[in-house]
Amino acid sequence: MIPLPTVEAQRIYDKTLACVHCGLCLPACPAYENAPRESLAPRGQVFIARALLEGRLEAGPGLAEDLYECLACRGCETVCPAGVQVGAIVEGVRGILDEERVEPWRTRLLKRVLLGGIVARPRVLRLAMQLLRLVERLGLRRLARPLLGRAAPGLAVRERLLPELPPRDTLPATTPATQRTGGERGAVALFLGCVAPHLRPETARSAVEALSRNGWEVVIPEEQGCCGALHLHAGLPDIARRLARQNLRAFQGEAPVITTAAGCGAALHEYGELLPDEGAAGDLAGRIRDVSSFLVANGFETPTVGPTPGRTRTVYDAPCHLFHAQRVKEEPVEILRRLPGVELVAVRDPERCCGSAGIYNVTRHETSMAVLDRKMAHIAPAAPDLIATGNIGCQLQLAEGARRAGLRAEVAHPVELLAAAYRRADDASGS
């Protein structure tokens, strides 16, 4: 039995009371669509959480298995007439289950080592990425793939999700808070995140270029760290709180904090709830702005040329934590519409989850790929040259989806396309 009332358990329990089990959430849930069991539906997850907190259900491995099947995509929250915060409920109960130690010890140890010991520590993560680059440069990764496919096929299909790592010198550099670059409209601080700068550094560079081009001073505090989203999803709120306090120290002041990853933006927006007794947490949460939303709200220069020569058939896929959690819906599309040569092609359910969901495509790979294949069944008929999306996890997932669907489409962040258009315009003018 979970001890009630503790402050955290009572807070989660109170959220469950808003659910009236109407069932409007069922069609919005990708986990339920994949396996239509009531325990996987959003209302079923809320019912399980409530029963667990009331002591009517025992905390055990089977219960944890069902709660971790949720992708935490928040699609159910968008359609819920009662405003039930399913994501916060599920993540909160996962944290309680971790305290109860109901998951296998190997799973708990792996989460603590990978997420707590590597991802949460920038220096250790940087070293791990350097080792991976060395492995790639020596050709060992390519040589190991056939062996891995035979010895551990489950691990082999997951390894494929990791892209080739860009050279170290392409990573965005941090600048001291006293050093600012270009612009008369004011200062903004850029949040980098943990793995994004290592796997997709062009996104952060493009954000700096686009913001500077439109008159904003850009600061990248070097003390910043991971947002904690992966840790909340994995039931590690203690680590998420430590990371949140680190970012509170890094992003002091009044400047807007710009994010380029939907998952990071959603987690930062919720710091006030993660640290309810710390006023600075609510202040930082109120200053978080997605880069597309910020540029559209404050006005941006329309490029005179497109990001690529000729016309580019483009599909926009809305990240869950941008569309559902942050309610940023039209702004990325507005940027794409204003890019010359970009032909936006509408597809069915662009806001539906792609199956990435943090590390879900690693921990629940088969379900993740089933969700992805349904997504690609909507995208593939459009035959896009490019898929635009605003989250690093979605970018990697959709790149795998394009490969599985036999598409040659590239995947990029909208701000990357905007910055590329600015660069092409400068090259054309000779500036």
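In the predicted model, a nonpolar patch on the surface is formed by Leu 127, Leu 131, Leu 134, Val 135, Leu 138, Leu 140 and Leu 143, which together have about 620 Å² of accessible area. Two helices, H8 (122-137) and H9 (140-151), each supply at least two residues of this patch. The most is given by H8, with four residues. Leu 143 has its place in helix H9.

Strand E1 (187-190) has buried residues pointing both ways: Ala 187 and Ala 189 point one way, Val 188 and Leu 190 the other way, and all are buried. E1 pairs in the parallel sense with strand E2 (residues 217-219) over three bridges, and Ala 187 stands opposite Glu 217 of E2. Pairing between E1 and E3 is likewise in the parallel sense, over two bridges. In this pair, Leu 190 stands opposite Ile 258 of E3.

The buried residues of H18 (residues 291-298) are Val 291, Ser 292, Ser 293, Phe 294 and Leu 295. At the start of H18, the backbone nitrogen of Ser 292 has a side-chain oxygen of Asp 290 within 3.0 Å. After H18 comes Gly 299, with a positive phi near 85°.

Strand E5 (residues 312-316) is largely enclosed by the rest of the structure, because four of its five residues are buried. Two strands are joined to E5. With strand E6 (residues 342-344), E5 pairs in the parallel sense over three bridges, and the bridge partner of Thr 314 in E6 is Leu 344. With strand E7 (residues 386-388), E5 runs parallel and is joined by three bridges; here Val 315 stands opposite Ile 387 of E7.

His 324 is located in the loop between helix H19 (320-323) and H20. Since its relative accessible area is 7%, under the 20% cut-off, His 324 counts as buried. Not counting residues up to four places away in sequence, His 324 touches Cys 73, Arg 74, Gly 75, Thr 78 and Glu 351. With Glu 351 there is also a polar contact, in which the side chain of His 324 reaches the backbone oxygen of Glu 351 at 3.2 Å.

Ser 368 belongs to helix H22 (residues 365-379). With a relative accessible area of 0%, Ser 368 is buried. The side chains of Ser 368 and Gln 397 are joined by a polar contact of 2.9 Å. Leaving aside neighbours within four places in sequence, the residues in contact with Ser 368 are Cys 354, Gly 355, Ser 356, Tyr 360 and Asn 361, together with Gln 397.

Conventions
Residues numbered from 1 in each chain as written. Predicted model: local features only at pLDDT ≥ 70, side-chain atom pairs only at ≥ 80, totals over all residues. Heavy atoms only, no water. Patch = residues over 30% accessible without salt bridge, like charges linked within 9 Å, V, L, I, M, F, W, Y side chains within 5 Å. Areas by Shrake-Rupley, 256 points an atom, 1.4 Å probe, with all protein chains shown as cover. Salt bridge = Lys/Arg side-chain N within 4 Å of Asp/Glu carboxyl O. Buried < 20%, exposed > 50% of the residue type's maximum accessible area, 1.4 Å probe, protein only. Contact = heavy atoms within 4.5 Å. Polar contact = N/O pair within 3.5 Å; in protein donor to acceptor, adjacent residues only side chain to side chain. Pairing = 2+ DSSP bridges.
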